Amino acid sequence: MRRAPAGGGILAGSLLLGGCGRDVQSVLAPGGIQAAQIADLAWLLFGFGTLVLAMVVAAVWLALRGSSRIRRILARENAVLTLGIAFPAVTLTLLLGYGVWLMRSHLDLPRDRNAVGIEVVGEQWWWRVTYSGAHGTPIASANEIRIPVGVPVGFKLRAADVIHSFWVPSLGGKVDMIPGRTTQLHLTAERPGIYRGQCAEYCGGPHALMAFEVMAMPAADYAAWLQRAAEPATTPVSEITQRGQSLFLATGCGACHAVRGTSATGTLGPDLTHIGARRSVGIDTLPLTRENLTRFITDGQHVKPGNLMPEFRVLQPPELDALVTYLLSLKVADRHG
Amino acid sequence: MADTAPEYPNRLPRPRREQAELAAIWARPRSWRIVTDVNNTVIGYFYVGTAMLFFLLAGILALLMRLQLAVPSNTFLSQETYNQIFTMHGTVMMFLFAVPVVEAMGILLLPQMLGARDQPFPRLGAFAFWAYFVGGLIFFSTLFFDLAPSGGWFMYPPLTSSQFSPGMGADFWLLGIGFIEISAIAGAIEIIVGVLRTRAPGMTLDKMPMFGWTMLIFAGMIVFAFPAVILATLLLELERTFDWPFFIAARGGDALLWQHLFWFFGHPEVYIIFLPAAGMVSMIVPAMSGATLVGYRFVVVALIATGFFSFGLWVHHMFTTGIPALSLSFFSAASMAVALPSGIQIFAWIATIASGRLRLLTPSLFVLGFLFIFTLGGLTGVMVAMVPFDWQAHDTYFVVAHFHYVLVGGMVFPLFAAFYYWTPAFSRRTLSERLGRWTFWLMFAGFNIAFFPMHISGLMGMPRRVYTYPAVMGWDVLNMISTIGAFLFAAGIALFLIDLVRNLRPSLSDTAGNIWKAATLEWLPNDVYGPRSIPIVTSVDPLWDQPHLAEDVEAGRYYLPGSITGRRETIVTSPIEATPQYLLSLPGPGWTPLLAAIFTAAFFMLLTVKAVTLAVICGALAVAMVIVWMWDSDPKPLAAVDIGSGIKLPTYAAGSLSHSWWAMIVLLLVAGSLYLAYVFSYLYLWTVSPQFWPKPAALAPVTAPAVSALLLVAGSAILVAAGRLLPRNRRSGRRFEVLAGLAAVTLAAALMTEVSAQWRAGLRPETDIHGALVYMAAFLQAQMVLPVVIMAGFAVARSLGGRLDREQRVVFDNLSLLYHYTVGQSLLGLLLAHGFPRLAA
Amino acid sequence: MSAFKPVRPLGDFWRVLIAPAIWFAHFSVLYASEALICTGPPADRGTTMGWTVLLATAAASAGLVVLVAGLLRSGNTAPPTSDPGGSWFRRASLLLALLSALGIIWTTLPTAVLPACAF
């Protein structure tokens, strides 16, 4: 993916994306093998449905206004048996067969060989994402998922608290995340792009705001990105970012959030090691900008009512500025390899 | 179809005062005492009215939601309010409107349609109504105190567990809805017995009005479907209150168990709602076309098939839970199968229209609107039955559109057709044809404008149950259109209300009458007592095929032109052939059903707010009310009476002849379904977390269950012996009383033995899932033992009061049924608790 | 008064329910065995499921055949006017047997295509 150089650029990209918003989360605009298969099925079903509906409407019309001969035919018991049993028996058998065959081919789609494994845990109300780095070392991330194009990706899905459902319509169907269980989903993106996903199982409170983005990038770019993502966070060099870091640690952010390479190792909330490289704040609620990040820290309950992060209103504006600057500087993963 | 003209059972002229006496016996209480009435017509009015009230209330909630979603990032409703509102909208529509309203229509219409004077258990019907009325209003008002549940109408744990929903909202849902389900079951029992045992003489099953068939299947499905969700609510409430971990994965529970149980009820529920509506259509189409229903037998077959197939659909709602593909495909297949019966019915109606001339008046318009909307909903149903498609469509607005097409199209449109169609049978004036057309077109256009775009917004990725969405998603135009449509639909409803105010003049005697020239018995001239005399039916369209039926019935030429015994009475007939079997005395107005309902509602609601002592007092008062009302039922047998043309009918029946026995059997089917749902849960949870099942060494020693089983069997034997010792007329029943009491004690002792053995073996319900399940079996056993003990006490009291003997024995017969069932269930429970872990190990 | 038919046992009524009950039994057996087999060792899931399907479907089909044969036979002997005990219920049962057979075929169809316990 050709990345814009700065946060503002990302925002512009995201706005651009907004222009064609109806495509980022649409079942009928597939960007992956699985979604394309289902979209074909959907069109077939719409055709079938339209045909049958037209047939029933026509039959009603003929029963009301048809010639007496046609009405006599329609009024026979045999017509009931033919139209009510024989016709659906044949068409439904075909449909069922096609549906089952499609499930079979879904099972047969490439999944394990060279598959990229990503674990996603649904939490109230964000997504914990864990990649598998070199030698299987876990790489923690959150609320944004990057995948390589053309490579099957196997998602391991779990839930930390209540039931959630992982759904990226442009890439494929949804699978629930259920406490105590691990479910799986296999997706293969066919073209690079940004696909929006959203929690599809009501999980209370701000369920409506539990969205995320999947960025499908060329396999080589992905590999490079993954390598960068495995690195620890940027070490603050400027004075303001250093002050930001010490504020981050002193205010207790580290109790819930981790920034690898620092003493912040909390795991209750999203990992922030590379937060500056993300596109959004508040779990895809707002584009990642200085203003929005500030707003989320001080006024999060308005941005995302019910979210589990307390509002940090005690911070004075200069402190807040330093903190936000520090966070925005955490973008090793965004640097060109 | 016309058979030979029947011989009339009674000769004219009738005695001068006969009709006035009949009217006096059936007179309804005046002014506010109307609340003590138990007659099906009055209760039916109340019932339909209350259900429509909830329809309006839940509809207003829907409008609020539509306002919120009309524009993106709207702040009209807060997140929490929206979550409460969508939860209440679904819950109220499903539990307080859809099921009650069809049950209400059954209570209102069935007796007249079947040629009975009343339901077989008028006071049970009144109790069911009042329980629903009081419980429903309390439940709804939680919304005004910010106490409403917000976990969705499907209440999935763990979101609804005490950890994630600590407030009282979920408890109100669980206890309130559980309680209203009980009321629905009471209604279902009433309907089953009414349809099978109180049809007019000669109305064989194949001549029964189709609405009767649908209500029979409807009630039958309630008997098997509702216990699953009652069990689920019990489990979740026990988990919330006592920490029994049924749905907590860490201790071996499973969140999916709830989904299995809930949808085992939830999918049949759709057909439970749809079938009676289809039955209404099957009544309206022939009447408005002036032609008999084509393929009557096919339609009956379709109903029975729907009743079965709909129980193979529940996982249909769980296609995205990661269940193996092959399992999913079984349910996909059953979803296809259930489409067949709907197809049969649709083409049977079309054939009927073709064979006659459909008068395009308001009821017909609603029927045609129904055909279009329901067919579309059925087709999207086939789509979501395709597993891969459902992976995408599940939990999106596509599904919202789908089930509103099915439910509003399949049930609300027929219901409105029914209102326009049947009003002349219950009101002095008919509803306005002009307003009716406006109502229809507003509702039809509004509905499609509101819900069709949701198919598209769903496919564009809009999930359900979101209180807002960002503008960039491009869902805003579609949502605005939906909102406009919703208000158009509401305008149609408002117009209907205006029509009701202007034209509905409820009446029991002086009605507009058979303005459609319809063929079924509810169109006979009616009064408070129903038809003047109960006709002999020889055709499926009696008013068309039996000339002069209306005049002859009104003249009193048929059965029971007056009251023979001086009491309210109706004829009980055999279930298939409708051959008269005995004369049933029916109770009149009384306070007990109302008070019992109020106390029962208070019991559940007080439990919710954890006022346990008060709750127990109210519970005891409720039981006391029921006992008071039962004391006068089962009256002393009188001599057989002649109902005309030489037919002598007994005035009392016991054993399998009695309508009461039938009701008890149905109740036991309910209890049995509940227990089977438990057995399913037990085995299911074992497949999920077998590691929590103990090694045989850790189990209670086998001697304990052996003693318990011995007690159970002994108890049954003692009760049988007690039955042998029932006193003959006027003799002392001392030996019976002692043995009946002993049997009750034995049963209770068996329960104690089991619980104490488990406790001594160190098992605790909150430790893990196995413990919870074992104590759940005991809980379900206690739930049976308690009524048995009360009933045994009641039988003893009646014996002491000289109201129970070898002849007047219905109370004992029912006690026996309940007792032996409880023994059977308890033995199965012992086998499961003590045998299964040993087998599994 | 000859209008009323003698009260007969409920057998005819229950017989109507046999065919859909067979469908339900077949359906439940397949669903339950898949659930059970998937908790067991992965090695021979396919064969176990295959045999279960075969046996259950054979049993269900046999049940339906016996039922239909019985219905057809009684159709030849029962007097045609014995409604509702006779032909009406008999023909309703036959149609239900047809629907149930379709249901059973549809339940079995996926087992030919999909492997057991695959996600």
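This report describes the domains, interfaces and salt bridges of a predicted model.

## Domains of chain A

Chain A is divided into three domains, with domain 1 covering residues 33–108, domain 2 covering 116–229 and domain 3 covering 239–334. The contact between domain 2 of chain A and domain 3 of chain A takes 25 residues from domain 2 and 23 residues from domain 3. Taken over C-alpha atoms, the centres of domain 2 of chain A and domain 3 of chain A are separated by 22 Å. Together, domain 2 of chain A and domain 3 of chain A bury about 1,800 Å² between them, and 49% of this area lies on carbon and sulfur atoms.

One salt bridge is found across the interface of domain 2 of chain A and domain 3 of chain A, and seven residue pairs are counted in polar contact between these two domains, with both residues of each pair at pLDDT 80 or more. On the side of domain 2 of chain A that touches domain 3 of chain A, at least two residues each are supplied by β2 (126–132), β3 (138–142), β4 (144–148), β9 (193–198), β10 (211–217) and α6 (219–229) of chain A. By class, the residues on that side of domain 2 of chain A divide into 15 nonpolar, three polar and seven charged.

## Domains of chain B

In chain B, the division is into domain 1 (32–503) and domain 2 (688–840), and the centres of domain 1 of chain B and domain 2 of chain B, taken over C-alpha atoms, are separated by 38 Å. In the contact between them, 14 residues of domain 1 of chain B meet 15 residues of domain 2 of chain B.

The area buried between domain 1 of chain B and domain 2 of chain B is about 1,100 Å², and carbon and sulfur atoms give 76% of it. Zero salt bridges are found across this interface of domain 1 of chain B and domain 2 of chain B, while three residue pairs, both residues at pLDDT 80 or more, are in polar contact across it. The side of domain 1 of chain B that touches domain 2 of chain B is made up of nine nonpolar, two polar and three charged residues.

The size of an interface is often given as the accessible area lost when the parts come together. For chain B and chain C, the area buried between them is about 4,200 Å², with 82% of it on carbon and sulfur atoms. Within the area that chain B buries against chain C, R297(B), L326(B) and F330(B) supply 18%, more than any other three residues. The contact takes 52 residues from chain B and 45 residues from chain C.

Between chain B and chain C the count of salt bridges is zero, whereas two residue pairs, both residues at pLDDT 80 or more, are found in polar contact across the interface. Two or more residues of the side of chain B that touches chain C come from each of α6 (210–242), α8 (296–309), α9 (325–355), β2 (580–586) and α19 (659–688) of chain B. The largest share of this side, twelve residues, comes from α9(B), and by class the side of chain B that touches chain C has 36 nonpolar, twelve polar and four charged residues.

## Salt bridges

Over all chains, the structure holds 23 salt bridges. One of them joins E213(A) and R279(A), whose closest N and O atoms are 2.7 Å apart. In another, R128(A) pairs with E123(A), and the closest N and O atoms lie 2.6 Å apart; R128(A) counts as partly exposed because its relative accessibility is 22%, while E123(A) is buried, with a relative accessible area of 10%. The side chains of R313(A) and E311(A) also meet in a salt bridge, at 2.9 Å from N to O, where R313(A) is exposed at a relative accessible area of 53% and E311(A) counts as partly exposed at 25% relative accessibility.

In chain B, R798(B) forms a salt bridge with D634(B), the closest N and O atoms being 3.9 Å apart. This pair links distant parts of the chain, 164 residues apart, with R798(B) in helix α22 (residues 769–800) of chain B and D634(B) in the loop between α18 (612–632) and β3 (641–642) of chain B. R798(B) is buried, with a relative accessible area of 0%, and D634(B) counts as buried at 13% relative accessibility. A network of salt bridges links E201(A), D395(B), R464(B) and R465(B).

Note on methods:
Residues are numbered from 1 along each chain as its sequence is written. Chains are lettered from A and ligands numbered from 1 in the order in which they are written. This is a predicted model: local features need pLDDT of at least 70, side-chain atom pairs count only at pLDDT 80 or more; totals for chains, interfaces and linings use all residues. Side-chain values use heavy atoms; hydrogens and water are left out. Domain bounds come from an automatic or database domain assignment. Contact means heavy atoms within 4.5 Å. Buried area is the accessible area (1.4 Å probe) that two parts lose on being put together, summed over both. A salt bridge is a side-chain nitrogen of Lys or Arg within 4 Å of a carboxyl oxygen of Asp or Glu. A polar contact is a pair of N or O atoms within 3.5 Å; within protein, one must be able to donate a hydrogen and the other to accept it, and residues adjacent in sequence count only if both atoms are side-chain atoms. Helices (H or I, at least four residues) and strands (E, at least two) are DSSP runs, numbered from the N terminus. Ala, Val, Leu, Ile, Met, Phe, Trp, Tyr, Cys and Pro count as nonpolar, Asp, Glu, Lys and Arg as charged, and the others, Gly among them, as polar. Buried means under 20% relative accessible area, exposed over 50%, partly exposed in between (1.4 Å probe, protein chains only).
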